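Please open the structure in your viewer and keep a selection panel at hand. The tour below moves from whole chains to single residues and then to the contact between the chains.

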Amino acid sequence: MAKHNIPEVKANWDITPGIWGMSIDMDVCTGCQACVAACAMENNITFVGETDSGYGRAMHWIRIEHTWEGEYPDVAATSFQPVLCQQCGNAPCEPVCPVFASVHSQSEDLNLQVYNRCVGTRYCANNCPYQVRVFNFRDYDRPEPLPNQLNPDVTVRRRGIMEKCTFCIQRIHKGQDLAESEGRDVRDGEVVPACAQACPADAIVFGRLDDPESRVSIMAKNGRGVKLLEDLDTLPRVTYLQEEKTHGRTG
Amino acid sequence: MAVLANSAPHAQPHSHPTEQDHEAHLREEHLMLDPRPRGEMNAMVMESMQTTSWKFWVVTAILVVVVAVCLVYYWGLMISVGLGIAGVNRPIYWGIFLVNTVFWIGISHAGTFVSALLRVFKAEFRRPFTRAAELMTTFGLVQAGLSIFMHMGRVWLAYWLFPYPNERGLWPNFHSPLSWDFLAINTYLLSSTMYLFLPLIPDLAMARDRSTGWRKVLYRVLALGFRGTEGEWTHLRFAMNLFAFAILPVMFSVHTIVSWDFAAAMRPGWSSTIFGPYFVIGALQSGLSAVAMVLIVVRGTMKNMKYFIRPEHLDALGKLMLIISMAWAYFFFNDYMVQWYNGDKWTDILLRFHEEGPLGWMWYAMLFFNIVVPWLVLWNKNFRRNPTILFIVGFLVNVAMWFERYIIIPTSLSINRFPFTYQFYKPNVEIPLSIGTVALFVLLYMLASRIIPLVPVWEVQEGQMAHSLRKYGKETVVTVRDLD
């Protein structure tokens, strides 16, 4: 039997910068939701309909958060903030799954959700401080011609299981395979997840975090960069660049 | 001497009838001092099992219909179309199913508490109702298990939580509190069933010797050939003693581990170090009230039970309920105080949401039914001894404890660190399924009361043999012999 490469206790988990990461510049994000739509297309996300969506069952792996308070014209609004799985290096969703459906990939340093293994206890979703995991509450309809645009590289999920952003791992693997066949490393910008590809403002940048020269690493070192809920020590792999006007403001 | 001799003739006519009254009162009051021959008690218990009025079957039929519709139909529907017909959403991924799980495990706690702890501490009032309480444990755990399975997204794969050998070489994840929980509940179910069964063996043998037909066959199998020889009793006593001590840590650990499902998670309001003992006390709070309710129903509806279950037992349970209510209030305050004091922003929002949110009434009702009602009512001996009043208090405490779990699970899940995702929880199919579990519990209990002797006759008799009224001079004194 293969030797299991599962860390025994949390303290043993390496604190590394991560392999794949993302930087999101909220200064240029227009909140257009193109990333949400592209993600749904790429990853075969079902459409839950108006009623379920309004009840909090929308299955988007990425959402644009935007809140405001006050009456027009005195409206104080936050920046548009795309929130997706932070691919934590120290993920709270992983240890709580009783069947190892939520596991850490050693090779990509990502949080994986093994759909076939998930039994739907939804503990991972409760323990995710970012609320980015979504659950298949039903087998939602996929009327014709929608099945024609299903992505063959991504599993179609059924009811009763959790799912979440994968950083488009199918594209990562494609890029790695191509690079390997050509006997080179993956070039910066070669692997682009659907959300980054669709972003018209180029607010979402994806790449290698372990390469200090990559665009994503340079952006992450920007003075405006923050991590979401960094005090929880989840080691998120996504860096948010705050808007200039809110620079220095927290919360 | 002269004075004494002179005074005696005067005192004698007055004191004698009152002493007899006192003795008669003691016998009427205490089951242990009111012995009846073993044969008579056996006959009474057999009669209580075999006497079934038409009302019983009407209630059974109604319960069967309720279970078939609310539990079987709706659960089947939910399995076939998914959890969409339940009220869970994001971020309230856990709803009433887990509220019911925690609630029923809580109910099941008191059975073991009453039976094992009181047995270990030799509390004599436990004797007639240990069996009734242990049955509650087993049937409560059945409801808890069902509720967990209802909660799962793909329940048909629930066996993956078992550490069973498989071709993939996969284990369950022992880091997960849910795995601990699963193992703890299974351990508890197995051990409490064995603990129910061991003291039952002599009663099954008794029933075997006094029944005919299918009952005889059933009891002959279940009694394992028990004949009541000295050697059998020695072994049985040893085993029961062993189990009574061994099951206590299991009982405490189970609800502690249930609390870890919440306490180990990094959520505001959940990650609390006091949750373990707080949950154990909460379990006893609802469980003891449930024992009282069950006893009152058994006493009121089954034949001959008024002899075995007397106001003294309700009185003793009422006192226990009062003490546990105080302990619960202490732990609630402790949990609340520490969470409030730490000043975390999200915890602060959550605590405000508990009190001022749309379900604030539930929070206040929990405190009122859990603290104010028992404290005001159970001080009074007459209230404690009154079955109706004790039943109402027990019911209110159980409602309050259900509210408590509701506040901890769906209400607390409304609040997380991303205000953008805040939602409310609207129960849907959870309501018939909850009714279904209650109905199944009552149904199982009613059916069991037909085939399982609800009063451990040998245990009552053992107590009655140990207790006696003796006269020391003119005083009638209760004496208890040590049995072991």
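**Chain A as a whole**

Select chain A and begin with its contacts, where two residues are in contact if their C-beta atoms, placed from the backbone, lie within 7 Å: among those between residues at least 6 apart in sequence, 62% join residues at least 24 apart. This is a predicted model, in which local features need pLDDT of at least 70 and side-chain atom pairs count only at pLDDT 80 or more, while totals for chains, interfaces and linings use all residues. Residues are numbered from 1 along each chain as its sequence is written, and chains are lettered from A and ligands numbered from 1 in the order in which they are written.

Colour by secondary structure, and chain A shows six helices and twelve strands; helices (H or I, at least four residues) and strands (E, at least two) are DSSP runs, numbered from the N terminus. Its C-alpha trace spans about 65 × 45 × 40 Å along the principal axes. The radius of gyration, taken over C-alpha atoms, is compared with a globule rule of 2.2 Å times the number of residues to the power 0.38; for the 251 residues of chain A a compact globule would have a value near 18 Å, and the 18 Å of chain A agrees. Buried residues make up 43% of chain A, where a residue is buried if 20 or more other C-beta atoms lie within 10 Å of its own, exposed if 12 or fewer, and partly exposed in between, with C-beta atoms placed from the backbone.

**The strands of chain A**

Next, select E10, E1, E12 and E11 of chain A, which in that order form an open sheet of four strands with mixed pairing; two strands pair if DSSP finds at least two bridges between them. Strands E10 (204–208) and E11 (225–226) stand at the edges with a single partner strand each, so one side of each is left without a neighbour in the sheet. Strand E1 (residues 20–25) runs parallel to strand E12 (residues 238–241), joined by four bridges, and here Ile24(A) stands opposite Tyr240(A).

Move to strand E5 (residues 81–84) of chain A, which is covered on both faces, with Gln81(A) and Val83(A) buried on one side and Pro82(A) and Leu84(A) buried on the other. Strand E2 (residues 62–65) of chain A pairs with E5(A) in the antiparallel sense over four bridges, and Ile62(A) stands opposite Leu84(A).

Now centre on Arg215(A), which lies in helix H6 (residues 215–220) of chain A and counts as partly exposed, with 15 C-beta neighbours inside 10 Å. Leaving aside residues up to four places away in sequence, Arg215(A) touches Asp188(A), Gly189(A), Val205(A) and Gly207(A).

**Chain B and its hairpin**

Select chain B, which has 18 helices and two strands. The radius of gyration of chain B is 25 Å, close to the 23 Å that the globule rule gives for 484 residues, so chain B is as compact as a globular protein of that length. Its C-alpha atoms fill a box of roughly 95 × 55 × 45 Å along the principal axes.

Where do the two strands sit? E1(B) and E2(B) form a hairpin with two residues between them, and Gly473(B) in the turn has a positive phi of about 65°. Six bridges join E1(B) to strand E2 (residues 475–480) of chain B in the antiparallel sense, with Val480(B) as the bridge partner of His467(B). Of the six residues of strand E1 (residues 467–472) of chain B, the number buried is zero, so this strand lies largely in the open.

**Where the chains meet**

Show both chains together: 37 residues of chain B are in contact with 35 residues of chain A. Helix H6 (residues 177–197) of chain B gives the most to the side of chain B that touches chain A, with four residues.

Staying with H6(B), note that its 21 residues reach 30 Å from first C-alpha to last. Its buried residues include Trp180(B), Phe182(B) and Tyr188(B), and what covers the buried residues of H6(B) includes helix H3 (123–127) of chain A as well as helix H4 (96–120) of chain B.

Conventions. The expected span of a helix is 1.5 Å times one less than its number of residues.
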